[in-house]
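Dear colleague,

My notes on it follow.

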Amino acid sequence: MLQDHQGAIATSVAQSAPLAEQRLVLRILTLWRAAHIGETLPQPAAMTVAATGDDAHNVYLLEIGAAEEARFAYIGETLLPRPWRGVEASRSVADCPRDTILGLASTHWHEIVERRVPVTRGGIGWHNAAPVLYRAIMVPLFDAGGTISAIMGAVNWRPVEVQDGTPVD
Amino acid sequence: MAPRSTSLARQSGVEGRGVPMLRAYEIQRLSGTRWVLDSVSDEKDVAITVAKSLMQSGRAPGGVRVMAVQTKPDGDFSQITLYRCMPGEPPPAEPAPRPKAEAKAEPKPETVHRDFKHSDGPPPVPQKPKSGHLMLSLKIAFGVGFAVVAFELLRILSR
């Protein structure tokens with residue numbers, strides 16, 4: 001599934017049309033709203049990674065298993081933690097290094113399952129050994145029975161400076 | 001001092017998987033007569049931006065509002081409305097600074113909440129009683145008289 005998504009992205013990124021909204025979280029939210037078909041909650045087929053266009057590099061997709069486990073079905077190129085580069089195996093959120101932007105953004109996936117609505121979060125964290133200011137969103141995707149079967153997440157960030165001598169604790 | 005990574009991680013909620021938000025901003029949309037949760041944010045500005053974008057979208061609801069929800073450690077919570085937009089209602093205006101003239105014309109309310117630090121004016125200076133001045137004059141006169149008598153006495157004795 002990971003490879004299928006990446007193949008779809010390769011075509012989609014080239015053909016993607018620019019969206020008017022400037023913020024990544026709002027673009028993803030707009031896609032999620034558009035994936036509502038009538039009263040039907042957004043399903044994975046209606047909101048694919050490919051549909052995110054250029055943002056696919058900053059997007060990840062989680063598959064929610066029955067046993068309270070979330071595994072990455074897709075990880076955008078810029079989000080892939082260094083230790084995971086070149087590894088094709090599906091990865092669990094629990095295994096994701098927490099000092100990465102992917103770990104930061106995906107760690108709250110339980111909250112989406114509980115609330116059943118999109119959640120945005122932001123703050124300060126670490127990515128590739130550098131402090132960053134990030135903003136992330138996760139949106140739930142439902143199966144035909146109304147159970148959350150997947151979560152799409154997106155995150156962007158920028159480095160922040162930590163001044164020497166600034167007390168942290 | 002703890003390493004920076006630990007502190008920053010704690011700040012951002014990395015430690016403790018799925019740390020719930022103590023203060024969340026809920027974007028709610030009006031569906032019929034019910035307010036339905038639309039999405040959640042941990043930042044007020046983002047929540048209001050999301051609410052505005054929802055109203056401007058092609059599937060605009062009957063209304064939208066942003067609630068700040070504060071969850072206490074005991075599980076109890078309180079909420080207040082931060083933003084509200086209904087079709088047909090004028091958009092919520094930014095609070096403008098009150099003109100000075102208008103503020104002057106406004107009479108002060110009779111009942112105001114006071115504490116020890118605030119009052120409407122300087123505290124009244126306690127008036128000294130008038131008898132105080134008389135006593136002071138008497139003391140001075142007595143002192144002068146005593147000095148004169150003592151001087152005369154010394155002069156007599158020195159002869």
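How many of the 13 residues of strand β5 (residues 130–142) of chain A are buried? Eleven of them are, so β5(A) is largely enclosed by the rest of the structure. Buried here means under 20% relative accessible area, with exposed over 50% and partly exposed in between (1.4 Å probe, protein chains only). Helices (H or I, at least four residues) and strands (E, at least two) are DSSP runs, numbered from the N terminus.

This is a predicted model, in which local features need pLDDT of at least 70 and side-chain atom pairs count only at pLDDT 80 or more, while totals for chains, interfaces and linings use all residues. Residues are numbered from 1 along each chain as its sequence is written, chains are lettered from A and ligands numbered from 1 in the order in which they are written, and side-chain values use heavy atoms, leaving out hydrogens and water.

The pLDDT (the predictor's confidence in each residue, from 0 to 100) has a mean of 83 in chain A, where 82% of residues reach 70 or more. Residues 1–20 of chain A have pLDDT below 50, and this stretch has 28 contacts (heavy atoms within 4.5 Å) beyond near neighbours in sequence. Where pLDDT is low, the predicted coordinates should not be read in detail.

Turning to the sheet, two strands are taken to pair if DSSP finds at least two bridges between them. Ten strands form an open sheet with mixed pairing, in the order β3(A)-β2(A)-β1(A)-β6(A)-β5(A)-β4(A)-β2(B)-β1(B)-β3(B)-β4(B). At its edges stand β3 (91–92) of chain A and β4 (77–85) of chain B, each with a single partner strand, so one side of each is left without a neighbour in the sheet.

β5(A) pairs in the antiparallel sense with strand β4 (residues 119–127) of chain A over nine bridges; A:V119 has A:M138 as its bridge partner, and A:G122 stands opposite A:R135. Two residues separate the strands of this hairpin, and A:N128 takes a positive phi near 50°. Eleven bridges join β5(A) to the antiparallel strand β6 (residues 148–159) of chain A, with A:L133 opposite A:R158. The hairpin of β5(A) and β6(A) has five residues between its strands, and A:G146 in the turn has a positive phi of about 90°.

In helix α2(B), the buried residues include B:V46, B:I48 and B:L54. This helix of 13 residues reaches 19 Å from its first C-alpha to its last, close to the 18 Å expected at 1.5 Å a residue (1.5 Å times one less than the number of residues).

With kind regards
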